[in-house]
Amino acid sequence: MDADESDRYRAPALDKGLDILELLAGVDGGLTQAEISKKLERSPNEFYRMLDRLVRRGYVTRIDGDRYSLTLKLFGLAQLHAPVRRLASYATPLMRDLAQRSRQANHLAVFDRGFAVVIAQQEAPDYWGISIRVGSHISLFDTGSGHVLLAFRSEEERKMMISEHVKSQSEPPLSDDFFERLDRIRERGYEMMASAQTAGVYNLSAPILGPDGRGIAALTCPYIALVNAPSAPDITESIALLQKTAAQLSLLAGSDVNHSE
């Protein structure tokens, strides 16, 4: 299509909105309306209504009163796109192998609009196991998957993810201890925590890292001690198996960052 043909189908309002989104995607800390208009070489009045609509639709948020920044809504929508479906497809044989080796169930979760959402799940190979249905929306604050999804994002992204979750759940403010825990998870490369939902279960979670080293998914094993299977891996061995599988999935996702084994 040549330039004349392209101009025939121009949609100025759409172009203006996309210009704003692309500009904000490339800056940290947001921009004021005046800064946006200057960088896009337009009058500030041209962007007032567009910014208002982007804020109301949840793609942009106002920070520090007069600065505009992207939310994670576009990121959340991307989780439903083909790359995530491919990740779930690639993950299936590796998750099946993890279940066989650990004798535990496992599931894969991504962030989507304020929640950790399960996109793939593998049953335990024996009679007993804890499993979560595909499509389940689970908390960011009291699950292993949620902790890992928060821990392996930038501080700004983490704040936006928490803001979206709080908005949907009316949760109380988080303590400094919670953020210190996220930092420790990032340092050691995984989360291990007693389940807040089921007694006797430990959530073991490790990140799937993208090409830029940021977490794009969490692989979680709801670990239960198998009394009638003395040869089954213990919790320490299961963590090692989980991290190895997460590292393999990270490589499939294009990451060059390996988890410790």
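This is a predicted model: local features need pLDDT of at least 70, side-chain atom pairs count only at pLDDT 80 or more; totals for chains, interfaces and linings use all residues.
Residues are numbered from 1 along each chain as its sequence is written, and side-chain values use heavy atoms, with hydrogens and water left out. Helices (DSSP runs of H or I, at least four residues) and strands (runs of E, at least two) are numbered from the N terminus.

**The largest pocket**

- Rolling a probe the size of a water molecule over the atoms shows where empty space is left.
- A pocket here is an open set of points on a 1 Å grid over the protein atoms alone, where a 1.4 Å probe fits and protein lies on both sides within 12 Å along at least five of seven lines.
- The largest pocket comes out at about 400 Å³, a volume being the space filled by probe spheres set on the points, which are joined across faces, edges and corners.
- Its lining has 19 residues, and Leu70, Leu72, Glu157, Met160 and Arg214 sit closest to the centre; lining residues have an atom within 4 Å of a point.
- Two or more lining residues come from each of α2 (12-25), β3 (67-70), α5 (73-78) and α8 (155-169), with α8 giving the largest share, three residues.
- By type, the lining splits into ten nonpolar, three polar and six charged residues (Ala, Val, Leu, Ile, Met, Phe, Trp, Tyr, Cys and Pro count as nonpolar, Asp, Glu, Lys and Arg as charged, the others, Gly among them, as polar).

**Helix α4, residues 45-56**

- Phe47, Met50, Leu51 and Leu54 are the buried residues of α4 (buried is under 20% relative accessible area, exposed over 50%, partly exposed in between, with a 1.4 Å probe and protein chains only).
- Those buried residues fall within an arc of 105° seen down the axis of α4, so they line one face of the helix; the arc is that of the directions from the helix axis to the C-beta atoms.
- They pack against α2, α3 (33-39), β2 (60-63) and β3, contact meaning heavy atoms within 4.5 Å.
- The other side of α4 has Asn45, Tyr48, Arg49 and Arg56 exposed.
- After α4 comes glycine 58, with a positive phi near 90°.

- Most residues other than glycine have a negative phi.
- Glutamate 41 has a positive phi, near 55°; this residue sits in the loop between α3 and α4 and is exposed, at 73% relative accessibility.
- Arginine 103 has a positive phi too, near 65°; this arginine lies in the loop between α6 (82-102) and β4 (106-112) and is partly exposed, at 23%.
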